[in-house]
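Student: I have a fold open on my screen and would like to talk through how its parts pack together. Could you take my questions one by one?

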Amino acid sequence: MSLALLLAALTGALSGLLIALPLWRQQRYASSGLLAGVLALACAGLYALLGTPAAVQAGSPAQSAAQDLASNAAQLRQALQADPSQTEGWILLARAEALLGNTTAAEAAWQQALTQAPDEPALLVEAAQARADADPQRHIDDTGLAWLEQARRLDPQAQRALWLIGIAQRQRGQPAAAAQTWQQLLALLDGSTAGSVREQIDIARAQAGLPPLQADQAAPANEVAAQVKVSLSVDPALAARLPADTPVFVQVRDLAGSPMPVAALRLRLEQLPLTVHLDDGNSVMPGQPLSSHTQVRVSARIAVSGSASRSEGDIETAASSIEVGSSTPLRLHLQP
């Protein structure tokens with residue numbers, strides 16, 4: 001069977017197993033001390049780090065789907081050994097191994113995927129999750145944490161990365177840092193999910209000897225005032241010839257010209273025109289929040305290649321200066 005056919009077969013088996021086991025992953029985390037927050041965050045695509053997979057009953061449709069998945073995964077694994085350049089194949093294999101409970105194999109597959117796609121935030125987060133799942137204590141080690149931090153740098157609003165970074169900080173006995181990280185996450189959430197995260201923030205703050213959050217406190221107190229407002233627009237003809245989901249990055253840098261952004265935001269081309277507000281929740285460098293700057297330079301870039309890293313063919317505005325906290329938005333227009 002060709003690699004393309006194997007990918008299609010494995011995708012079908014994976015879908016069948018997901019349908020047959022709608023509660024599998026929820027049951028997996030039933031023993032977690034962070035259950036309330038995890039269940040809510042799962043709706044947004046986040047995962048917890050504790051528990052073990054539930055058993056699949058013999059003779060059930062779920063077992064049949066699992067057997068099909070295992071068979072196709074084995075064939076795909078063999079095909080990838082002959083042609084290891086197939087990034088999508090490694091990703092699909094990693095997810096299949098995770099569903100089958102083969103955490104070590106899932107971690108290895110993610111390692112292979114990241115060698116070919118090192119700058120994709122979602123993949124970095126999944127790989128870090130798989131690495132933690134393979135640890136008997138569900139511990140996020142330094143490598144996993146580095147992947148999560150890289151994902152946050154590439155996409156400062158990556159909710160699952162923020163959640164897992166907070167977990168890693170609590171595992172390291174840093175509850176105050178975890179609370180601060182989750183406050184950044186809280187600013188991106190609403191409804192019951194935000195309530196569950198707020199509970200975990202208060203637990204972490206109590207462990208750090210800090211008082212609970214105030215009712216109106218969703219992020220660091222200086223975050224609201226320390227905003228950079230940017231009004232983004234795009235040439236209609238340019239927008240018409242690119243896919244609607246083409247990434248658009250807004251990057252804020254200091255006046256010294258440092259290559260590392262102070263803050264960043266990822267959007268989709270279909271969202272433009274749009275006025276956005278960047279604040280400390282979009283900060284990239286730990287210990288260097290946007291609020292620590294009085295004036296910054298801002299640019300926007302259409303990532304035609306789809307990569308967070310600058311590539312040939314990307315379309316970028318010139319960098320313009322703005323005072324942090326200015327009520328007048330900086331206007332940036334993307335054009336060929």
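Student: What is the handedness of the crossing of H8 and H9?

Tutor: Keep in mind that this is a predicted model. The axes of H8 and H9 come within 9 Å of each other and cross at roughly 145 degrees. The crossing of the two helices is left-handed.

Student: Which residues make the contact of H7 with H9, and how many of the residues in it are charged?

Tutor: H7 brings Val125, Glu126 and Gln129, while H9 brings Arg160, Ala161 and Leu164. Sorted by class, the residues of the contact of H7 with H9 comprise three nonpolar and one polar, and the number charged is two.

Student: How many of the residues of H7 are buried?

Tutor: H7 has 13 residues and reaches 18 Å from its first C-alpha to its last, close to the 18 Å expected. Among its buried residues are Pro121, Leu123 and Leu124, along with the charged Glu126, Arg131 and Asp133. H7 is largely enclosed by the rest of the structure, because the count of its buried residues is 12 of the 13.

Student: Now to H6. Why do the buried residues of H6 line one face of the helix?

Tutor: The buried residues of H6 are Thr103, Ala106, Glu107, Ala109, Trp110, Ala113 and Leu114. Seen down the helix axis, these buried residues line one face because they fall within an arc of 165 degrees.

Student: Which exposed residues does the other face of H6 carry, and which helices do its buried residues pack against?

Tutor: Turned away from the buried side of H6 is a face that carries the exposed residues Thr104 and Thr115. The buried residues of H6, by contrast, pack against helices H5, H7 and H8.

Student: Let's move to a single side chain. Is Trp182 buried or exposed?

Tutor: Trp182 is found in helix H10, residues 175-186. Leaving out residues up to four places away in sequence, Trp182 touches Leu162, Trp163, Gly166, Ile167, Arg170, Val197, Gln200, Ile201 and Ala204. The relative accessibility of Trp182 is 0%, so this residue counts as buried.

Student: What separates the C-alpha atoms of Leu265 and Phe249?

Tutor: Leu265 is found in strand E3 and, at 5% relative accessibility, counts as buried. Its contacts beyond four places in sequence include Pro156, Val248, Phe249 and Leu278. Leu265 and Phe249 are 16 residues apart along the chain, and their C-alpha atoms are separated by 5.7 Å.

Student: Which peptide bond is cis, with omega near 5 degrees?

Tutor: Most peptide bonds are trans. The residue to look for is Pro273, found in the loop between E3 and strand E4. The cis bond is the one from Leu272 to Pro273.

Student: What is the phi of Arg138 near?

Tutor: Arg138 has its place in the loop between H7 and H8, and at 11% relative accessibility it counts as buried. Most residues other than glycine have a negative phi. Arg138 has a positive one, near 55 degrees.

Student: To finish, what share of the residues in the protein chain is buried?

Tutor: The protein chain has 12 helices and eight strands. Among its contacts between residues at least 6 apart in sequence, 62% join residues at least 24 apart. Of the 336 residues in the chain, the buried share is 47%.

Technical notes. Residues numbered from 1 in each chain as written. Predicted model: local features only at pLDDT ≥ 70, side-chain atom pairs only at ≥ 80, totals over all residues. Heavy atoms only, no water. Buried < 20%, exposed > 50% of the residue type's maximum accessible area, 1.4 Å probe, protein only. Helix = DSSP H or I, 4+ residues; strand = E, 2+ residues; numbered from the N terminus. Arc of directions from axis to C-beta. Contact = heavy atoms within 4.5 Å. Expected span 1.5 Å × (residues − 1). Axes fitted to C-alpha atoms, helices over the stretch in contact; angles between N-to-C directions. Left-handed = near helix turned anticlockwise from the far one by under 90°.
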